Amino acid sequence: MSTPPFTPAPRRRAELLAAGAAAVTVVLWASAFVSIRSAGAAYSPGALALGRLLAGVLALGVICLVRGEGLPPRAAWPGIVMSGLLWFGCYMVVLNWGEQQVDAGTAALVVNIGPILIALLGARLLGDALSPRLLAGMAVSFAGAVAVGLSLSGEGGSSVLGVVLCLLAAAGYAGGVVAQKPALGSASALQATTFGCLVGAVGCLPFAGQLVHEAAAAPVSATLNMLYLGVFPTALAFTTWAYALARTTASRMGATTYAVPALVVLMSWLVLDEVPGPLTLAGGLLCLAGVAVSRSRPRGRTTAPVPEDTARRRPRNQLLDRLRIQFLDRPRSRAPRRA
């Protein structure tokens, strides 16, 4: 009879589900950049963020009602509120604003320091381990992001304000991810995403007047793109992100997002007919290679296996231990002597 592999089937299945959830997130977030180009022409940064968040809250609210999800536990609320303000609210508004002030290449360069900030904050605040493979993979991916950014530079103007806004967006993204991680210890991925999105929408309510005014004049295609942003890259992608984040470290999840620039290049090629140059293609391949390195594990590194005979004897050993404690290790009391 062959010896089964050490990794149990449930654990392997959980790892595959987490990897699949991360892949869904990356693909949908990459598609968001294509939709933002269309919706951003008719909506201002704050109005676009609010419309996107309201659509996301509506979709997530329906799912919560169908699944019977209640309020998150009290212990999860600080992380949910912080991630909602920093990530769902501040990040979306500031990034939309920053991309109007700088060209696409500069925005890609500055915003992609976010995963590096996540790794540093995760190591400092969450105790995440910065393995050599993770650091090497992030360095390769960042080099790819730099190549993509340089290849896209020159398509528009850049300003100090735009660079500062992109830096704030990267900081808000990193802070939101690190704040969300502890909340997922007591709240489900759906709860953390739904109420984080709600907090972000409440924070963007000052832009409600702009949203109503611009929605009346916006073309149908721009509004449909805004709704798509809310349902798929927000409601679905942020939920799959939270599901995967709950099952790995913030640093590794942050490194995974370096696949986004490569997918954006591919989608722009297929959807917008924007043919990438050699430098852009090389940068995209570097991004994917860095993600593969950061998520890989050293060969031969496995948890210490339990010998098969030991595993078979474990229930019997536990029973013997109980009997020994019950009858042998119990302090003996002497019977009182009779007079």
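Me: Which residues of helix 12 meet helix 13?

Reply: Contact means heavy atoms within 4.5 Å. Here Ala 259, Pro 261, Ala 262, Val 265 and Trp 269 of helix 12 meet Thr 280, Leu 281, Gly 284, Cys 287, Leu 288 and Val 291 of helix 13. By class, that contact has nine nonpolar, two polar and no charged residues (nonpolar: Ala, Val, Leu, Ile, Met, Phe, Trp, Tyr, Cys and Pro; charged: Asp, Glu, Lys and Arg; polar: the others, Gly among them). One thing to keep in mind: this is a predicted model, where local features need pLDDT of at least 70 and side-chain atom pairs count only at pLDDT 80 or more, while totals for chains, interfaces and linings use all residues. Residues are numbered from 1 along each chain as its sequence is written, and side-chain values use heavy atoms, with hydrogens and water left out.

Me: At what angle do the axes of helix 12 and helix 13 cross?

Reply: Axes are lines fitted to C-alpha atoms, for helices over the stretch in contact, with angles from 0 to 180 degrees between N-to-C directions. Helices are DSSP runs (H or I, at least four residues), numbered from the N terminus. The axes of helix 12 (residues 259-271) and helix 13 (residues 278-295) come within 7 Å, crossing at roughly 140°. So helix 12 is oblique to helix 13 (under 35 degrees is roughly parallel, over 145 roughly antiparallel, 65 to 115 roughly perpendicular, the rest oblique). The crossing is left-handed (near helix turned anticlockwise from the far one by less than a right angle; clockwise is right-handed).

Me: Is the crossing of helix 2 and helix 10 left-handed or right-handed?

Reply: Right-handed. The axes of helix 2 (residues 45-67) and helix 10 (residues 220-245) come within 7 Å and cross at roughly 60°, which makes helix 2 oblique to helix 10. Residues in the contact include Gly 51, Arg 52 and Gly 56 of helix 2, plus Gly 230, Pro 233 and Phe 238 of helix 10. The class tally is 13 nonpolar, five polar and one charged residues.

Me: How many disulfides are there?

Reply: A disulfide is a pair of cysteine sulfur atoms within 2.5 Å, and the whole structure has zero. For Cys 197, the nearest cysteine sulfur, that of Cys 204, is 9.5 Å away.

Me: Is Leu 150 buried or exposed?

Reply: Buried means under 20% relative accessible area, exposed over 50%, partly exposed in between (1.4 Å probe, protein chains only). Leu 150, at 51%, is exposed; this residue lies in helix 6 (residues 132-152). Cys 197 is buried at 0%, and Cys 64 is buried at 8%.

Terms used
Helices (H or I, at least four residues) and strands (E, at least two) are DSSP runs, numbered from the N terminus.
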